Amino acid sequence: MYVFILNNRVIRTDMPFDTTMLDFLRSRQHITSVKAGCRTGSCGSCLILVGESDGESVCYRPLNSCILPLEEANGKHVLTVEGLNNNRLNPIQQAMAEQGAVQCGYCTPGIVISLTCFLLRSPFFDESLAEIALDGNLCRCTGYHGIKRAAALLCQNFSPSSEPDSMERIKWLTEKEILPSYLLQIPRQLQEIQPELQRRPNQISQNSVIIAGGTVHGKKSEDLSSEQVVFLSERKDLSGIRIEHNRCQIGAVTAVEEIRNSAVMNRFFPKISEYYAKIATTPIRYRATIGGNIVNASPIGDLCVFFLALDTSVVLSNGQNQRIIPLKDFFKAYKKVDKQDNELVERIAFPLPGHNAFFNFERICKHNDADIPSVNSAIQIKTDNRRILDVRISAGGVAPVPLYLAETGNYFIGKEINNAVIRKAGEIALSEISPVSDIRGSADYKRLLLRQLIYAHFVTLFPESIDTETLL
Ligand SMILES: Cc1cc2nc3c(=O)[nH]c(=O)nc-3n(C[C@H](O)[C@H](O)[C@H](O)COP(=O)(O)OP(=O)(O)OC[C@H]3O[C@@H](n4cnc5c(N)ncnc54)[C@H](O)[C@@H]3O)c2cc1C
């Protein structure tokens with residue numbers, strides 16, 4: 001049985017573990033603010049807030065209920081627009097109505113959820129941050145200007161005086177009538193349902209099907225029996241980022257958004273927040289994990305490409321023995337990785353970049369940033385200011401696997417940074433790849449893109465050493 005709080009009611013249900021929260025809410029609870037749009041986690045019309053107790057407060061994430069199995073709500077607080085209303089429009093809804101941000105209304109509840117989460121979690125209220133918070137919401141009739149104006153109005157009218165994600169922030173939002181006051185009781189209510197919670201075993205065996213964030217696998221779970229499925233979201237020991245022996249260790253269940261906001265990662269990669277804001281959408285980034293990204297081994301996997309350039313290793317375990325292998329050797333063939341069925345990826349680890357290391361990440365999409373890229377690339381360059389000491393460069397979308405460009409990297413060693421060297425490196429990179437034509441572009445287009453991304457790395461990192469006009 002699953003027990004959780006839905007808005008201000010305790011729910012107990014025996015529905016199957018893989019019932020999507022969207023279907024449960026609409027069909028069983030008659031909660032109709034959640035809309036069935038894409039059913040692939042792409043459009044945001046089914047967004048809900050899911051809150052998890054962290055002892056004192058409750059930490060909320062905006063999640064796509066269409067790819068969220070009921071299992072993931074166990075012991076948590078599920079909040080929909082029905083649970084946000086204080087019998088009249090709250091300031092978010094009012095701002096949307098005033099600014100003409102509502103037309104057919106299908107996407108509106110999802111947008112209210114995203115903006116609520118923004119006010120709960122953002123350190124400060126700024127239009128550009130609000131825009132990122134809304135990146136998981138598609139609107140096909142109103143147009144985005146009214147929505148952006150509503151977000152801007154909220155940023156003008158409210159200024160937080162408390163830490164994000166804290167009980168003080170929740171209290172402040174209830175005082176502003178953005179959240180209803182019953183939310184103050186939720187931490188206590190979550191404690192009260194704890195004794196009722198039944199946890200499934202999470203032992204991995206040969207037949208186990210592992211689900212971490214479920215953004216790739218969540219959609220296939222209808223074929224699985226309950227016993228086979230192991231959900232990793234409760235494995236808190238596999239989550240988090242820490243530095244140990246001069247290496248950064250990232251637990252496999254760490255979410256992409258957590259990596260994006262991590263103080264450690266921001267110290268070593270000051271532009272990581274900007275790079276990762278372009279990966280998927282905010283609700284997907286809150287669920288998608290680093291472990292899922294590398295095991296899924298999509299040739300275009302953004303985190304695969306990012307971490308390939310950092311000399312990353314993968315730590316696997318079957319419960320008895322551990323194996324550590326370089327990430328560049330982990331990808332064997334299209335969607336095939338060096339992992340046994342009874343092995344779990346526990347974490348990844350990479351050496352901390354020194355003061356002479358420069359890093360850049362680029363991705364090009366067909367439509368907009370939130371799209372899956374056509375080609376992506378990352379580079380880490382170590383230099384003594386005169387010559388290149390070491391280069392690690394990776395590329396996605398140009399081979400059956402996320403690719404480590406070993407020959408291109410080796411070519412750079414001992415060279416000065418100038419146009420001729422970069423051009424030659426571009427030629428070598430093209431000899432290492434084997435792109436295919438598909439919906440993200442022709443093979444020729446992808447070759448051109450990779451060459452341009454290699455140029456872009458150097459234009460971004462060493463503009464003073466390059467004559468951009470003649471290079472391009
Ligand atoms: C709308 C949308 C947009 C997306 N956009 C992007 C994008 O821009 N860039 C991008 O790179 N990806 C994107 N993705 C793909 C996906 O979100 C990521 O690859 C994500 O990181 C997968 O992580 P997960 O935890 O959800 O994986 P899951 O779905 O849980 O698992 C994926 C696979 O990995 C296995 N697995 C997971 N964790 C482990 C572990 N620790 N040990 C062993 N096996 C494990 C699972 O069994 C499964 O086979 C998008 C997905 C969606 C739905």
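Which residues of helix H1 (residues 21-28) are buried? Met21, Leu22, Phe24 and Leu25 are, where a residue counts as buried if 20 or more other C-beta atoms lie within 10 Å of its own, as exposed if 12 or fewer do, and as partly exposed in between, with C-beta atoms placed from the backbone. Helices (H or I, at least four residues) and strands (E, at least two) are DSSP runs, numbered from the N terminus. The model is predicted: local features need pLDDT of at least 70 and side-chain atom pairs count only at pLDDT 80 or more, while totals for chains, interfaces and linings use all residues. Residues are numbered from 1 along each chain as its sequence is written.

The buried residues of H1 pack against strand S3 (47-53); here two residues are in contact if their C-beta atoms, placed from the backbone, lie within 7 Å. After H1 comes His30, which has a positive phi near 55°.

The chain as a whole is divided into domain 1 (2-196), domain 2 (209-351) and domain 3 (357-471), with bounds that come from an automatic or database domain assignment. Between the C-alpha centres of domain 1 and domain 2 the distance is 26 Å. To their contact, domain 1 contributes 18 residues and domain 2 contributes 17 residues. On the side of domain 1 that touches domain 2, strand S4 (58-64) and helix H4 (127-133) are the elements that give two or more residues. S4 supplies the largest share of that side, with 4 residues. Sorted by class, the side of domain 1 that touches domain 2 comprises 8 nonpolar, 5 polar and 5 charged residues. In this scheme Ala, Val, Leu, Ile, Met, Phe, Trp, Tyr, Cys and Pro count as nonpolar, Asp, Glu, Lys and Arg as charged, and the others, Gly among them, as polar.

The ligand is the next subject. It lies between domain 1 (2-196) and domain 2 (209-351), because both give residues to the shell around it. There are 32 residues around the ligand, and those that come nearest are Gly213, Thr215, Gly291, Gly292 and Asn293; a residue is near a molecule or strand if its C-beta atom, placed from the backbone, lies within 6 Å of it. Two or more residues of the shell come from each of strand S6 (209-211), helix H11 (282-287), helix H12 (290-296), helix H13 (302-308) and strand S14 (344-351). H12 gives the most, with 5 residues. The shell around the ligand has 16 nonpolar and 14 polar residues, together with 2 charged residues.

S14 also belongs to an open sheet of 5 strands, in the order S8-S9-S14-S10-S11, with antiparallel pairing. Two strands pair if DSSP finds at least two bridges between them. Strand S8 (241-244) and strand S11 (322-326) are the edge strands, each pairing on one side only. From one strand to the next the twist averages 25°; axes are lines fitted to C-alpha atoms, for helices over the stretch in contact, and angles run from 0 to 180 degrees between N-to-C directions. S8 and strand S9 (residues 247-251) run antiparallel and are joined by 4 bridges, and Ile241 has Ile250 in S9 as its bridge partner.

Strand S1 (residues 2-6) and S2 form an antiparallel pair over 5 bridges, in which Leu6 stands opposite Arg9 in S2. Their hairpin has 2 residues between the strands, and Asn7 takes a positive phi near 55°.

Strand S16 (residues 375-383) pairs with strand S17 (residues 388-396) in the antiparallel sense over 8 bridges, with Ile388 in S17 as the bridge partner of Thr383. This hairpin of S16 and S17 has 4 residues between the strands, among which Asn385 takes a positive phi near 80°. S17 is also joined by 2 bridges to strand S18 (residues 403-404), and these two run antiparallel. Ser394 stands opposite Tyr404 in S18. The hairpin of S17 and S18 has 6 residues between them, and Gly397 in the turn has a positive phi of about 85°.

Finally, Asn86 lies in the loop between strand S5 (77-79) and helix H2 (91-98). Why is Asn86 classed as partly exposed? It is so classed because 13 other C-beta atoms lie within 10 Å. Leaving aside residues up to four places away in sequence, Asn86 touches Glu177 and Pro180.
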